[in-house]
Amino acid sequence: MKKIEAVIKPFKLDAVKDALNSMGVSGMTLSEVRGFGRQRGHKEVYRGAEYEIDFVPKVKIELVVKEELAGRAADVITEAARTGSIGDGKVFVYSVESATRIRTGESGSSAV
């Protein structure tokens, strides 16, 4: 099994979710997060005062898939989230040693 974490722009969430659903991904976890990378935030003006936003709002998607689906899922996320501008985000893929479904006690890939 593989865990995929993707940090993307919030307005791309629906496109990513739809793309993952179309390839058969059955579940995911979503967190609203803030952070920065090379872009180092940005400046905004509010009531005439300029201030710097150090941490940019992002969405973090986490999902666990069977190993054979991981590469395709990462590619689907990348394509659906891409705008071509700075701050599009990142996709990380990790190995998962085990998983257990709490309700039934199933373990391994059947728990996913």
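Buried means under 20% relative accessible area, exposed over 50% and partly exposed in between, with a 1.4 Å probe and protein chains only. The model is predicted, so local features need pLDDT of at least 70 and side-chain atom pairs pLDDT 80 or more, while totals for chains, interfaces and linings use all residues. Residues are numbered from 1 along each chain as its sequence is written, and side-chain values use heavy atoms, with hydrogens and water left out.

**Figure 1. The chain has 2 helices and 6 strands.** Helices (H or I, at least four residues) and strands (E, at least two) are DSSP runs, numbered from the N terminus. Along the sequence the pattern is β-α-β-β-β-β-α-β. The radius of gyration is 17 Å, well over the 13 Å that the globule rule gives for 112 residues, so the chain is more spread out than a compact globule. That radius is taken over C-alpha atoms, and the rule is 2.2 Å times the number of residues to the power 0.38. Along the principal axes, the C-alpha atoms fill a box of roughly 60 × 25 × 20 Å. Of the 112 residues, 31% count as buried.

**Figure 2. The ring pair joins Phe36 and Phe55.** Rings of Phe, Tyr and Trp (its six-membered ring) pair if their centres lie within 6.5 Å; planes under 30 degrees apart are stacked, over 60 edge-to-face, and the rest tilted. The structure holds 1 aromatic pair. Phe36 and Phe55 are tilted, at 5.4 Å centre to centre with 55 degrees between the planes. Phe36 sits in the loop between strand 2 (29-35) and strand 3 (42-46), and Phe55, 19 residues apart from it, in the loop between strand 4 (49-53) and strand 5. Phe36 is partly exposed because its relative accessibility is 40%. Phe55 is likewise partly exposed, at 42%.

**Figure 3. Helix 2 spans residues 67-81.** Its 15 residues reach 22 Å from first to last C-alpha, close to the 21 Å expected at 1.5 Å a residue; the expected span is 1.5 Å times one less than the number of residues. Ala70, Ala73, Ala74, Val76, Ile77, Ala80 and Ala81 are buried. Seen down the axis of helix 2, the buried residues fall within an arc of 165 degrees, so they line one face; the arc is that of the directions from the helix axis to the C-beta atoms. On the other side, Glu68, Asp75 and Glu79 are exposed. The cover over the buried residues of helix 2 includes strand 1 (2-8), helix 1 (13-22), strand 5 (56-65) and strand 6 (89-95).

**Figure 4. The largest nonpolar core has 19 residues.** Such a core is a set of buried Ala, Val, Leu, Ile, Met, Phe, Trp, Tyr and Cys residues joined through side-chain atoms within 4.5 Å. Those with the most contacts inside it are Ile4, Ile8, Val16, Leu20, Ile61, Leu63 and Ile77. Strand 1, helix 1, strand 5 and helix 2 each supply at least two residues of this core, and the largest share, 6 residues, comes from helix 2.

**Figure 5. Val16 lies in helix 1.** Val16 is buried, at 0% relative accessibility. Contact means heavy atoms within 4.5 Å; leaving aside neighbours within four places in sequence, Val16 is in contact with Ile8, Ile61, Ile77, Ala80 and Ala81. The C-alpha atoms of Val16 and Thr78, 62 residues apart along the chain, are separated by 8.4 Å. Thr78 is partly exposed, with a relative accessible area of 30%.
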